[in-house]
Amino acid sequence: MAFRQALQLAACGLAGGSAAVFFSAVAVGKPRAGGDAEPRVVEPPAWAGAARPGPGVWDPNWDRREPLSLVNLRKRNLEPGEEELASRLDHYKAKATRHIFLIRHSQYHVDASLEKDRTLTPLGREQAELTGLRLASLGLKFNKIVHSSMTRAIETTDIISKHLPGVCKVSTDLLREGAPIEPDPPVSHWKPEAVQYYEDGARIEAAFRNYIHRADAKQQEDSYEIFICHANVIRYIVCRALQFPPEGWLRLSLNNGSITHLVVRPDGRVALRTLGDTGFMPPDKISRS
């Protein structure tokens with residue numbers, strides 16, 4: 001009985017106490033007449049949902065796949081027995097680890113006015129070849145390649161996929177480049193309109209929720225998945241996955257063709273194996289444009 005009551009209390013806590021989006025409020029100093037700073041709270045955008053109860057506390061149900069939050073203890077009038085409850089929990093429990101490789105596209109012609117003309121430069125094509133060789137050298141059985149539908153990501157994917165024959169490719173608009181959330185601290189050289197954060201932010205958050213989560217309970221073996229997209233998207237995803245303040249995404253820097261490796265364990269814990277690795281490229285082939 002005590003075991004069942006504990007599980008019920010934990011389930012209620014997971015279902016009701018966890019936030020939909022990890023969003024750390026930022027205190028900004030506003031000088032008073034006396035010289036002291038008056039903190040103000042920057043409100044999250046409407047699509048972000050409720051804020052976490054406090055910083056520094058790991059949310060085990062960040063992807064809404066914690067087994068306790070999926071079991072409906074009130075579905076039937078009779079309380080389930082301990083054995084039945086354990087069986088239902090096991091039904092929802094992930095068993096495999098997901099390895100997520102986030103690849104930034106290679107160098108491209110940034111001055112082209114139309115997106116379709118922003119093709120890879122000769123150096124960018126070399127970078128994609130090097131990234132493809134590096135991924136192939138890992139000896140992993142990659143399950144799929146998901147890539148942004150923008151020209152530079154498509155061309156990067158086409159080159160990398162030559163080194164990974166048989167791996168299926170899927171294109172998506174969710175991973176297109178954009179402005180995920182207003183960065184803190186702000187920068188003077190890049191200031192999108194507020195509407196761009198509103199439109200792009202919801203889409204990039206949707207990409208995170210759709211692609212970054214623990215394995216499905218039906219998945220029996222570890223998976224190795226490649227996502228080829230853009231610097232802003234990758235940096236935002238890394239912050240969200242590690243439950244760091246997402247508005248800090250612009251503090252990170254990624255080279256063209258770099259590899260970022262996230263690991264999502266069956267219990268929902270997330271680890272960052274590598275961030276923006278280009279150590280496999282000669283120094284004269286590295287760029288950040």
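Author: Helices (H or I, at least four residues) and strands (E, at least two) are DSSP runs, numbered from the N terminus. This is a predicted model, where local features need pLDDT of at least 70 and side-chain atom pairs count only at pLDDT 80 or more, while totals for chains, interfaces and linings use all residues. Residues are numbered from 1 along each chain as its sequence is written, and side-chain values use heavy atoms, leaving out hydrogens and water.

Reader: Okay, where is proline 192?

Author: Proline 192 sits in the loop between strand E5 (168-172) and H6.

Reader: Why does proline 192 count as buried?

Author: Buried means under 20% relative accessible area, exposed means over 50%, and partly exposed is in between (1.4 Å probe, protein chains only). Proline 192 has 16% relative accessibility, so it counts as buried.

Reader: And what is proline 192 in contact with?

Author: Contact means heavy atoms within 4.5 Å. Leaving aside neighbours within four places in sequence, proline 192 is in contact with Ala179 and Tyr197. Alanine 179 is 13 residues away from proline 192 in sequence, and the two are 7.3 Å apart in space, C-alpha to C-alpha.

Reader: What makes E7 largely enclosed by the rest of the structure?

Author: 6 of the 6 residues of E7 are buried, so the rest of the structure largely encloses that strand. Ile259, His261 and Val263 point one way, Thr260, Leu262 and Val264 point the other way, and all are buried.

Reader: How do you know that E3 and E7 pair?

Author: Two strands pair if DSSP finds at least two bridges between them. E3 and E7 have 6 bridges, in the antiparallel sense, so by that definition they pair. Histidine 99 stands opposite valine 263 in E7.

Reader: How many bridges link E7 and strand E8?

Author: E7 and strand E8 (residues 270-277) pair over 5 bridges, again in the antiparallel sense. Leucine 262 has leucine 272 in E8 as its bridge partner. In the hairpin of E7 and E8, with 5 residues between the strands, glycine 268 takes a positive phi near 90°.

Reader: Which residues touch the most other members of the largest nonpolar core?

Author: A nonpolar core is a set of buried Ala, Val, Leu, Ile, Met, Phe, Trp, Tyr and Cys residues joined through side-chain atoms within 4.5 Å. The largest one has 27 residues, and Leu102, Leu175 and Ile212 touch the most other members. Its largest share, 8 residues, comes from H7.
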